[in-house]
Amino acid sequence: DHCDLEQIKERIIEYLAVRKLRHERFSDRGEEREPKDHIRKEREGVILCFVGPPGVGKTSLGMSIARALGREFIRQSLGGVHDEAEIRGHRRTYVGAMPGRIIQAIRRVASRNPVFMLDEVDKIGSDFRGDPASALLEVLDPEQNRDFRDHYLDVPFDLSQVMFITTANVLDTVPAPLRDRMEILHLSGYTEREKVFIAKGYLIPRQIRENGLQPQEVSFEDEALRSIVREYTREAGVRELERQIGTVCRKLATRIAEGTLERTRITAESITEYLGKPTYFSEVAERTQIPGVATGLAWTSAGGDILFIEATKMKGERGFVVTGHVGDVMRESSQAALSYVRSNAKALSIDEDSFGRLDIHLHIPRGAIPKDGPSAGVTMATALASLLKEVPVNPELGMTGEITLRGQVLPVGGIKEKVLAAHRAGLKAVCLPRRNDRDLDQLPEDVRNEIKFILVDRVE
């Protein structure tokens, strides 16, 4: 059902293997029978948390797991839930009292061991009616949920057989005690090759069916799909890709209904006829042709993205301005980058006296989007050195890393998302902190083969 996601598939296989061995070895029929007390105290529930940008298949993965295990599937969305009684139920003294969502759902599917998906766990609200995130602690703690007590039932109910799966876009808003109960599995975006594979195997057949077409009436060439992925979408998941494919299918359905078309093959050349002019284009080469512009890599809640850091100089008296809707941490990184370049001017072949005659302006374009974090330090230092040495930066190189005043490059987070963004943008090389080399193992093999990785521990 799912392309890539090797880490998650491996975890599910491990879960199945453990269940199989325990059933064979520690059940009453097994040879190595354990005391019944031992079995009763053993934890059986598993709580997985899928974290990743929208559209990468977190919810549909839960359905596939339930089908693979042969279990019932329940999905409850927690987005906007702000009443504790929705989780634990109402006491029966109230008019209109009813059990909480957990017990209701288990009653509805009539199974004690379903796969229970709690969607959008990072969007739970909290107000004077209570804190649902705290009520979830009892549900999701393997040590406590054996005796979960719903206020309406008021008798202990064993939730330890339930396989809970939660999903979230970001972990920052999930309370730390709740996060501690779950096993976090990160889903990053898909590569171009994987998106084309998903489109051919799943998205195109679904859109053909939903738009009343027959499979023989329309076919997409691989180059046409790559063109849609590169020039009409810019996302980590595949939702926008499916919308664009749906647009093509609707236009074809209109022509077939009018009787002006019987069947067609969509090519890379004909795609503009259906989708118009490309929405996105690679601007890396154009933006880095002049000195003072460097390409950085950024993590966003919707995957990764590239950003440009531009520096310019003018006559003045040692002024330094940073613009582009940057936060305090990023502003401090820019100060550290300037101090590093000034203190090492001689080694960088920069005239040390020129700083007293110059004002420097550092700008990060797309100024309406807030930006913060320390990982642009290397890119800022490179942009400033490029400006003052009057040497352009390699246009096919992206970089990320935090710097110190001593010139060390410190590791940063979100490497997989950043490298996938560099791959989408067509960069050929990526400069990373040396201590982030452990993150390269998580990258798809085709990305590792197409991008050259430069691991550094010093700014110079």
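Modeller: Happy to! Asp351 is partly exposed, at 41% relative accessibility; here buried stands for under 20% relative accessible area, exposed for over 50%, and partly exposed for what lies in between, using a 1.4 Å probe and protein chains only. The partner of Asp351 is Arg357, and the closest N and O atoms of this salt bridge are 3.5 Å apart. Arg357 is likewise partly exposed, with a relative accessible area of 48%. By salt bridge I mean a side-chain nitrogen of Lys or Arg within 4 Å of a carboxyl oxygen of Asp or Glu.

Two notes on the basis of all this. The model is a predicted one, in which local features need pLDDT of at least 70 and side-chain atom pairs count only at pLDDT 80 or more, while totals for chains, interfaces and linings use all residues. Residues are numbered from 1 along each chain as its sequence is written, and side-chain values use heavy atoms, with hydrogens and water left out.

In total there are 25 salt bridges. In general, side chains of opposite charge can pair when their charged atoms come close. One of the pairs joins Arg226 to Glu223, at 2.8 Å from N to O. These two are three residues apart in helix 9 (residues 222-231), which puts about one helical turn between them. Helices (H or I, at least four residues) and strands (E, at least two) are DSSP runs numbered from the N terminus. Arg226 has a relative accessible area of 25% and is partly exposed, as is Glu223 at 40%. Elsewhere, Glu84, Arg88 and Glu138 are linked in a network of salt bridges.

The pair that leads us into the fold is Asp305 with Arg366, whose closest N and O atoms are 3.4 Å apart. Asp305 sits in strand 11 (residues 303-315) and Arg366 in the loop between strand 13 (358-363) and helix 14 (377-389), so the bridge ties together parts that are 61 residues apart in sequence. Both ends are partly exposed: Asp305 has a relative accessible area of 23% and Arg366 one of 46%.

Two strands are taken as paired if DSSP finds at least two bridges between them. Strand 12 and strand 13 run parallel and are joined by four bridges, with Val321 standing opposite His361 in strand 13.

Arg318, in the loop between strand 11 and strand 12, has a positive phi near 60 degrees without being a glycine, and Arg318 is exposed at 51%.

Now for the interior. A nonpolar core is a set of buried Ala, Val, Leu, Ile, Met, Phe, Trp, Tyr and Cys residues joined through side-chain atoms within 4.5 Å. The largest has 44 residues, and Phe50, Met163, Ile245 and Ile266 have the most contacts inside it. Helix 8 (residues 192-210) gives the largest share of this core, six residues. Apart from it lies another core of 36 residues, among them Ala294, Met330, Ala376 and Ala381.

To place all this in the whole protein: there are 16 helices and 18 strands, and 48% of the 460 residues count as buried.
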